[in-house]
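Student: I would like to go through this structure with you, starting from a single residue and then widening the view to the whole chain.

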Amino acid sequence: MAEPDIETLLHDIETLRAEVTAGAEAATRRWQDWIQRDDFAPSAQNFGQYLALRRHDIRPLQRQLMRFGLSSLGRAESRVMPAIESIRHLLRAAAGQDAFTPVPAEDFFAGEARIAARSDAIFGPLSPHGPVRLLVTLPSSAAEDAGFLLRLAELGAEAVRINCAHDDEAAWEKMIAHVEAAAAATGQRMKIFMDLAGPKIRTGAPRDRKGLKRVAAGDELAITLPGRLDEAPKSLAAIECTLPEALEAAQVGQRIFLDDGKLGTRVARREDWGVVVEVGTCPEKGYKLKPEKGINFPETDFDTPALTEDDRAALRFVARHADAVEFSFVQSVADVEALQEALAAERPDDWQALGLVLKIETSRAVRNLPDMLVRAAGRQPTAIMIARGDLAVEIGFARLAEMQEEILWLCEAAQIPVIWATQVLESYLKTGTPSRGEMTDAAMAARAECVMLNKGPYLFEAMQELDQLLGRMNEHMAKKTSLLRPLRSW
């Protein structure tokens, strides 16, 4: 590689600055009608700049900048133009064109301040327990156990999650009453997040082949439309799919996964009653077909509204009682618009005060994330949940590690908070003993603003272990930035 010189670097930075500015202006023009909250406008501008920046391969430029001891733009998510301007000012001064004038600290760190303020708004103030907020899923038993909510408040949980796919309004009311009682007792009022179920695609009734209870790799399996199980050949094991739109859109060669990816299949042929798939991956002893298990169609495009009739019915309660709504299976701007219109109908005076959490669960949601994010945050306090369970099945486990990083970067650029979710300390929650891998995974959650823990017999112990872990990690990293505190092990 040729030795860089100041004039060449300055030209490259000037060119990049112009291209990023033009790309961001095009994006913000397209978004302008969505942005009704004035305080989000600078965030949308920075987001547009980041998207424009990441359309370039700047790796050669980064190495040249590092050679001169300058920022490589590797941590510019929340401050794209201030980071570029800082380099530009330094290079212009080095080239003798201008006296060096630093970017004001208030401008340079404004994005960090906005993320912190928005985290407070949607999750509540950070409690003394640790540096990352905790969102805890409530079990059904929480409706009858006031002590459970009291203990959560004592341990410093900032928010609780009520899953509207379970229980009913009477149970939800009891849970909320226990939240309020815990707040009165401790002074720690936990925010209430209510999770809309969405159009979950599930298995229906199964039918085993005669004398065989499991399917194995290489077997054929019939997946049928609802109510048409008997039309599948009797020689095949068969199971229903509860969402006909998904099955009708599936094409030969596309993959279908059952039960969080435990059974991986590919469509071999289509029939009037459904599809025949060939089993590719499954447990060593085969897979026993069961009802009420999730089905994923990662390669199939189909349109079904994320907001179901059941969700709309639940919203009558949610809009009155929740601090934030978690939106399951959201995949498009149209989905976000539909929910916001429904919230406005249920709570017309101040629906925009409600928090909105977009759960990123599908490959289509990933593709549409930038527009969905702006449409949501342009109207109301917004966070993104990286729902890593369904997302891993949708995009593949190998790509999940990459994608969760990219979602973190996009959200930092848009200056909105992130919830790190799904199977965090899962073994610990169930057995009281963590695995090495899940401790490392949980440590990476320090880059998010909030971590979601699911229910389990060792929940309280897991909360305390997570607080200690994240407290240590907080001394070493802030988002993508390594913090170089003194090392004390040597």
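Student: Is Met372 buried or exposed?

Tutor: This is a predicted model, and the relative accessibility computed for Met372 is 0%. Because residues under 20% relative accessible area are classed as buried, Met372 counts as buried.

Student: In which helix does Met372 lie, and which residues does Met372 touch, not counting those up to four places away in sequence?

Tutor: Leaving aside residues up to four places away in sequence, Met372 touches Val330, Gln331, Ser332, Val333, Val336, Leu358, Ile360 and Ala365. As for the helix, Met372 belongs to the run of residues 363-377, which is helix 12.

Student: What distance separates the C-alpha atoms of Met372 and Glu406?

Tutor: Along the chain, Met372 and Glu406 are 34 residues apart.

Student: Among contacts between residues at least 6 apart in sequence, what percentage join residues at least 24 apart?

Tutor: The protein has 17 helices and 17 strands, and 53% of its 490 residues count as buried. Among contacts between residues at least 6 apart in sequence, the share that joins residues at least 24 apart is 74%.

Definitions and conventions:
Residues numbered from 1 in each chain as written. Predicted model: local features only at pLDDT ≥ 70, side-chain atom pairs only at ≥ 80, totals over all residues. Heavy atoms only, no water. Helix = DSSP H or I, 4+ residues; strand = E, 2+ residues; numbered from the N terminus. Buried < 20%, exposed > 50% of the residue type's maximum accessible area, 1.4 Å probe, protein only. Contact = heavy atoms within 4.5 Å.
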